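Work through the following exercises with the sequence and the model side by side, and try each task before reading its solution.

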Amino acid sequence: MAGTEGITQQELNNSTGETRDETDSKKNDYLQSKVEGKALSKEEKLKLRKEKKQQKKNKKDDKGLAKEEKAKKPVPVMDGQQAQQQKAPPTAPVATPEAPPSGEKSGKSKTELRAERRARQEADRMSKQGKKGDPIQLVYTAKTKAPLSEPQPVVKRLPEHIQADDPAVLKKLAKKLERQQIPLRSDYGSKVSLFSHLHQYSRKAPLTQQMSLPSTAIHPSIVRLGLQYSQGIIAGSNSRCIALLHAFKQVIRDYSTPRNEELSRDLVNKLKPYISFLNQCRPLSASMGNAIKYIKKEISNVSSNIKEEEAKTTLQNCIDKYIEEKIHLAAKAISKSAFEKISDGDVILVYGCSSLVNYILCDAYERGRKFRVIVVDSRPRLEGRETLRRLVRKGISCTYVLITAVSYMLPEVSKVFLGAHALLANGYVMSRVGASQIALVAKAYNVPVLVCCETYKFCERVQTDSFVSNELDDPDDLIVTRKGKTELQNWQDIPSLRLLNLVYDVTPPDFVDLVITDLGMIPCTSVPVVLRVKNVDQ
C-alpha cells in the first residue's frame, strides 16, 4: 500500500510538473506575443485561464497531502511538555479522510474535495490552539475582555439646586449645612411636576428667621446681602455680582488669620459657609459664580511670606480691579461698539430692565443719536417700569407695552436690544423669561436681534432648554388683588392647582444675529473660543 501511494505521489508530481512547464511556456508565449504586438484569440485566453486555475488547485491538493503525511508520523513528547498536556483538556479527534489514489480522486466531486479541505483546516486550527497554551486561560482572558464592549456607566455630577426631588441629595445637603451652622430653607407650596427638581421659596419666610443673631458663623454683611437677595431688593446680574464683591471686601477687611494657619487656606475655608448661605437665600447667578472663582484663585495665590495687612490690601485691590475692568470698563467698550449699530430715526425695542442696555441707550442719546424706544414689559415683576423711568428722565421718547402686544409693535421696529443673564458654551442665551419669545417673533418679522453681554457672564455650562436648570420665584407674586378682591388668595388649598413663576429662559443662537461684548461683536457660536482664551489667560 505504501508503494502504491509512493507511485501515485510520484506520478502526481510528474504530471503537475509537466502542467506547470506547459503553463510557463504558454505564459512566455503570451508575454512574447504581447511584446510583439500580437493579440491572442478568445479561445487561447480561456484556455490559459483554465490552466491557471488547474495549477492553483493542484498546489492546494499537494499541500493537503503533505499535511496528512505529517499528521500520520508519531511526534515524540518531551518530559516538560507532558505536564502541560495533562492540564489541557483533550481535544475532540477530527477524522481526516485518507488520501485517495489517483484513480479515485477523479471520481470525487468538487464539493466533497472542499469539505475535506475544510475539515483538515479545522483540525490544524484546533491543534495550534492546543499548542499555544491552556484553554482555561484562554477562556479566562476572553471573559475579562468581554465587559469592555459593554457601555460603562457615566458618572453624572449635577448641582444641588437642581436635585430638590432627590431625598438622598437633600439629606447630604442638610448635613453639609449643619456642619456650616446654616439652616436648611424649606420649599414652599406645590410645584409643577415638570419643575419638581427645582427649589421654590417664599419671601414671607426668609432664611434669617431660622437663624439666631448675632450668628458667629456668618458675617453680618453676608447676612444682610442674603436677606436683600431673597426679598428681591437687589436684582439683576450686575447688581448682584457687585453687591457680592463689596460684601466679600468687607469680610476680608474684618478677617484675621488664626494661629498656626495660613491666610491662603483659612480664608478660602471661611468663605465656603458664606457662599452656602447666599445660595440658600437665592441660587447664585453665572456671573456670581465666575466672580467667586476669581476671588478664590487670588486668595490661593497669596504668598505666605507677605504680612497679613498687605495681603488683605492686595485682595481688596483685586476685587476693585475686577469690578472696574469686568463690569464698568466692559460696559463702556460694549456701548462704544453698540453706538455704531444705532442710526438716527431707529425704533429700538428693549425688554425688561437690563442695566447694560439702559447704559448703552443713554450713552448713545448723549452722543447725539436720535431714536425712539419701545419698552416691553411682563408680569409679575414689571421691571420694564424701571427702564422706562431711566430713559424718560434722559429725555428719550419711549412707548410702554406688555409682552402680549409685542407682535403688533414689531412691524415698526428696526432693532431689538436684549440683555443677558449668561451666555452658555453652546451659544444659547440665558435671559429673563420672555426674551426667547421676543427673539422668536423678531425673527419672524426679519428684525435683527442684538444681545449685549459682558464676557465675565460667559459660562461653560451647556443647556438647550429652560427645564433642567432654572430658578423658581415666589409663586405668591402671581396673585393679584383688583378692586379689593384676590382670586388666588387660598390657592394652596386647591389640590389640583399649581402656580409656576419661572425666572429665566434660554434663546437658541438661531434667533440671535449678533452678540456685542467687551471683546467686540461676535456670533453666538464664538462663545467657546472666548472661554478657551479666558482659561489660557488665567
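**Exercise 1.** Locate Leu531 among the helices, decide whether Leu531 is buried or exposed, and list its contacts distant in sequence.

*Solution.* Leu531 lies in helix 17 (residues 527-537), where helices are DSSP runs of H or I with at least four residues, strands are runs of E with at least two, and both are numbered from the N terminus. The model is predicted, so local features need pLDDT of at least 70 and side-chain atom pairs count only at pLDDT 80 or more, whereas totals for chains, interfaces and linings use all residues. Residues are numbered from 1 along each chain as its sequence is written, and side-chain values use heavy atoms, with hydrogens and water left out. The relative accessible area of Leu531 is 8%, and Leu531 is therefore buried (under 20%; exposed is over 50% and partly exposed in between, with a 1.4 Å probe and protein chains only). Leaving aside residues up to four places away in sequence, Leu531 touches Ala425, Phe458, Cys459 and Glu460, contact meaning heavy atoms within 4.5 Å. With Phe458, the separation is 73 residues in sequence and 7.1 Å in space, C-alpha to C-alpha.

**Exercise 2.** Describe how helix 9 and helix 12 pack, and which residues meet.

*Solution.* Begin with the geometry: helix 9 (residues 237-254) and helix 12 (residues 308-339) pack at an angle of about 170°, with axes 9 Å apart. The axes are lines fitted to C-alpha atoms over the stretch in contact, and angles run from 0 to 180 degrees between N-to-C directions. Helix 9 is therefore roughly antiparallel to helix 12 (over 145 degrees). Among the residues that meet are Ile242, Leu245 and Phe248 in helix 9 and Leu315, Ile319 and Ile323 in helix 12. By class, the contact residues divide into 9 nonpolar, 4 polar and 4 charged, where Ala, Val, Leu, Ile, Met, Phe, Trp, Tyr, Cys and Pro count as nonpolar, Asp, Glu, Lys and Arg as charged, and the others, Gly among them, as polar.

**Exercise 3.** Find which residues of helix 8 are buried and what covers them.

*Solution.* The buried residues of helix 8 are Ser221, Ile222, Val223, Leu225, Gly226, Tyr229 and Ser230. Their cover includes helix 9, helix 10 (263-281) and helix 11 (286-300). Just after helix 8, Gly232 adopts a positive phi of about 75°.

Key:
Angles under 35 degrees count as roughly parallel, over 145 as roughly antiparallel, 65 to 115 as roughly perpendicular and the rest as oblique.
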